[in-house]
Amino acid sequence: MDQTLIIVILGLLGLCFGSFVNALVWRLHKGRDFVAERSECTHCHHVLAWYDLVPVLSWVALRGRCRYCHKKIDDSPIVELGVAVLFVVSYLFWPFTPWTTLTMSMFAIWLVSLVILAALTLYDLKWQLLLDKLVFPLIGLGIVLGWLRFYGYEGLGVVGALLQMIAGVAIISGLYLALHLISHGRWVGFGDVKLNVFIGLILGWQGALLALFMANLLGVIVVLPGLVMQKITPRSRIPFGPFLIAACIITLLFGRYIIDWYMHSLLGL
């Protein structure tokens, strides 16, 4: 299949799944059925027609307001565009090549994982909580993806694959579990601990170390200006899930380049 066509298809799929993420997050928060129920305005609860649900275009046409009550639409086109970009970037920089049945299976699982990661990011930003309903299925996907990677793709054997996955979990999730226990949940939420199980499973020990560094670096870059301008205080509660998720994505797609650059440029190896 032509690469341009693949990119277009993935972009359109990403827009659709981004729209699904917006609806999923709201329905999970309200305890609504996200499978059977039809989409509705969060203010007037008018059931939306299909032409109100076209990703990005409907939001632009309606100028971000409900067609029926004219109140501001809660769903953001940024989420739709963000998932679309992630789908396309994942394809363009997919590190597990060449494309075979195995690597395509890994890619499909990764795309499903991205949808859940996007939902977790949005939910954590809105309500500072990483839902078990999203995290536990993600861990299940992580077990499969990690096994396909380390056993199937990298050919490490049963013991080697298990050691990579266990070591990855121990490094990043184990550290956060220790911080959670030491601080009695004040420094790190238990949701972060569970999210890191997925991250450790798919990245292995090297990737877990890099993701740990990247997450904290991103946190400093975002939080430090707020502290300097006194918009954030040391007592402010800041959701860390989005930083962990961003670090996971960066590490999976670009980790080998970052590690190679570090080894060659800084260590001269």
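Me: How does Asp132 count by relative accessibility: buried, partly exposed or exposed?

Reply: Start with the cut-offs. Buried means under 20% relative accessible area, exposed means over 50%, and partly exposed is in between (1.4 Å probe, protein chains only). Asp132 has 32% relative accessibility, so it counts as partly exposed.

Me: What should I know about the model itself?

Reply: This is a predicted model, where local features need pLDDT of at least 70, side-chain atom pairs count only at pLDDT 80 or more, and totals for chains, interfaces and linings use all residues. Residues are numbered from 1 along each chain as its sequence is written, and side-chain values use heavy atoms, with hydrogens and water left out.

Me: Which residue forms a salt bridge with Asp132?

Reply: The general idea: side chains of opposite charge can pair when their charged atoms come close. The rule here asks for a side-chain nitrogen of Lys or Arg within 4 Å of a carboxyl oxygen of Asp or Glu. Asp132 pairs with Lys194, and their closest N and O atoms are 2.4 Å apart. Lys194 sits in helix α7 and Asp132 in helix α5 (residues 132-153), so the bridge ties together parts 62 residues apart in sequence. A helix is a DSSP run (H or I, at least four residues), numbered from the N terminus. Lys194 is at 14% relative accessibility and so counts as buried.

Me: How many salt bridges does that rule give?

Reply: Two. Arg149 and Glu154 meet in a salt bridge, at 3.1 Å from N to O. Arg149 is buried, with a relative accessible area of 15%. Glu154 counts as partly exposed at 34%.

Me: How many disulfides does the structure hold?

Reply: A disulfide is a pair of cysteine sulfur atoms within 2.5 Å. The structure holds zero. Two cysteines can still be read by accessibility. Cys44 is partly exposed, with a relative accessible area of 33%. Cys248 is buried, at 0%.

Me: Which backbone atom lies 2.9 Å from a polar atom of the Ser113 side chain?

Reply: Polar contacts are N or O pairs within 3.5 Å; within protein, one atom must be able to donate a hydrogen and the other to accept it, and residues adjacent in sequence count only if both atoms are side-chain atoms. For Ser113, the atom is the backbone oxygen of Ile109. Ser113 lies in helix α4 (residues 101-127). Ser113 counts as buried at 0% relative accessibility.

Me: What lies 3.1 Å from a polar atom of the Gln164 side chain?

Reply: The backbone nitrogen of Trp205. Gln164 belongs to helix α6. At 18% relative accessibility, Gln164 counts as buried.

Me: How much space lies in the largest pocket?

Reply: First, the method. On a 1 Å grid over the protein atoms alone, a pocket is an open set of points where a 1.4 Å probe fits, with protein on both sides within 12 Å along at least five of seven lines; lining residues have an atom within 4 Å of a point. A volume is the space filled by probe spheres set on the points. The largest pocket holds about 810 Å³. Its lining has 31 residues, with Trp187, Val188, Asp192, Ile238 and Phe240 nearest the centre. Elements giving two or more residues to this lining are α6 (157-183), α7 (190-228) and α8 (241-266). α7 gives the most, with nine residues.

Me: What residue classes make up the lining of the largest pocket?

Reply: The classes are nonpolar (Ala, Val, Leu, Ile, Met, Phe, Trp, Tyr, Cys and Pro), charged (Asp, Glu, Lys and Arg) and polar (the others, Gly among them). The lining of the largest pocket divides into 18 nonpolar, nine polar and four charged residues.

Me: How much space lies in the second largest pocket?

Reply: About 520 Å³. Leu48, Asp52, Leu53, Ile73 and Asp75 are the closest to its centre, out of 31 lining residues. α1 (3-30), α2 (57-61) and α3 (77-92) are the elements that give two or more residues to this lining. α1 has the largest share, seven residues. By class, the lining of the second largest pocket holds 17 nonpolar, seven polar and seven charged residues.

Me: Where is there a cis peptide bond?

Reply: Most residues other than glycine have a negative phi, and most peptide bonds are trans. Here, a cis bond joins Thr97 and Pro98, with omega about 5°. Pro98 is in the loop between α3 and α4.

Me: What is the phi of Gln128, and of His184?

Reply: Gln128 has a positive phi, near 55°. Gln128 lies in the loop between α4 and α5 and counts as partly exposed at 30%. His184 also has a positive phi near 55°. His184 is in the loop between α6 and α7 and is exposed, with a relative accessible area of 66%.
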